[in-house]
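Subject: Structure handover

Hello,

Here is the structure I said I would pass on, with notes on what turned up in it. Please read the notes with the model open beside them.

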Amino acid sequence: MTAITPPEIETPELIKAKITSETARINWLELQKFYAAGSVVAVDLSLDLVDVAYAFSQDHSQQVQSWLTQGLVKRVEEAQAKQWFDAEQELWAVVIAPWVLVQDKPTASQLN
């Protein structure tokens, strides 16, 4: 006899933990095809990348719209893309399909 396991309950904490585990540093050069498709969204440093990704993943449209209106979340602009390209910049990134959310937040070693 096999045990029946209950379906996984996805709490906000569990979803955020999954998002955190899927967040990584990536070189901007590797994101070029996503940028060309208009899929890369920049997240302001005043926001937590995981919180923004969670809002996107749960379709919290009012919160996302508020950030968009304030300019805290926006598609990467050409000037920024060029700057990151020239610097071969590494960014924090997470995929919340169809979007790639990025944040130019320094690592702890870059702050020292």
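Asn27 is buried, at a relative accessible area of 16%; buried means under 20% relative accessible area, exposed over 50%, and partly exposed in between (1.4 Å probe, protein chains only). This is a predicted model, in which local features need pLDDT of at least 70 and side-chain atom pairs count only at pLDDT 80 or more, while totals for chains, interfaces and linings use all residues. Residues are numbered from 1 along each chain as its sequence is written, and side-chain values use heavy atoms, with hydrogens and water left out.

Asn27 belongs to strand E1. Helices (H or I, at least four residues) and strands (E, at least two) are DSSP runs, numbered from the N terminus. The side chain of Asn27 comes to 2.8 Å from the backbone nitrogen of Leu29. That is a polar contact, meaning a pair of N or O atoms within 3.5 Å; within protein, one must be able to donate a hydrogen and the other to accept it, and residues adjacent in sequence count only if both atoms are side-chain atoms. Leaving aside residues up to four places away in sequence, Asn27 touches Glu88, Gln89 and Glu90, where contact means heavy atoms within 4.5 Å.

Thr23 sits in the loop between H1 and strand E1 (24–27). Thr23 counts as buried, with 18% relative accessibility. A polar atom of the Thr23 side chain lies 2.7 Å from the backbone oxygen of Ile19. With residues up to four places away in sequence not counted, Thr23 touches Leu49, Val50, Trp92, Ala93 and Val94.

**Strand pairing**

Two strands pair if DSSP finds at least two bridges between them. E1 and strand E4 (residues 90–96) run antiparallel and are joined by four bridges. Within this pairing, Ala93 in E4 stands opposite Ala24. E4 is also joined to strand E5 (residues 99–103), by five bridges and again antiparallel. Val95 has Val100 in E5 as its bridge partner. E4 and E5 make a hairpin, with two residues between them.

**Helix H3**

How much of H3 is buried? Seven of its nine residues are, so H3 is largely enclosed by the rest of the structure. The buried residues are Leu49, Val50, Val52, Ala53, Tyr54, Ala55 and Phe56. Their cover includes H1, strand E2 (40–43), helix H4 (61–70), strand E3 (73–75), E4 and E5.

At the start of H3, the backbone nitrogen of Val50 has a side-chain oxygen of Asp48 within 2.8 Å. Just after H3, Asp59 has a positive phi of about 55°.

**Charged pairs**

Side chains of opposite charge can pair when their charged atoms come close. There are five salt bridges in the structure, a salt bridge being a side-chain nitrogen of Lys or Arg within 4 Å of a carboxyl oxygen of Asp or Glu. Three of them are described here.

- Lys16 and Asp51 form a salt bridge at 3.2 Å, N to O. This pair links distant parts of the chain, with Lys16 in helix H1 (residues 12–21) and Asp51 in helix H3 (residues 49–57), 35 residues apart. Lys16 is partly exposed, with a relative accessible area of 29%, and Asp51 is partly exposed at 35%.
- Glu77 and Lys74 form a salt bridge in which the closest N and O atoms are 3.9 Å apart. Glu77 is partly exposed, with a relative accessible area of 47%; Lys74 is partly exposed as well, at 39%.
- Asp86 and Lys82 form a salt bridge at 2.8 Å, N to O. Both lie in helix H5 (residues 78–87), four residues apart, about one turn of the helix. Asp86 and Lys82 are both exposed.

**Aromatic rings**

How many aromatic pairs does a search of the whole structure find? It finds two. Rings of Phe, Tyr and Trp (its six-membered ring) pair if their centres lie within 6.5 Å; planes under 30 degrees apart count as stacked, over 60 as edge-to-face and the rest as tilted. Ring pairs join Trp28, Tyr35 and Trp84 into a cluster.

Regards
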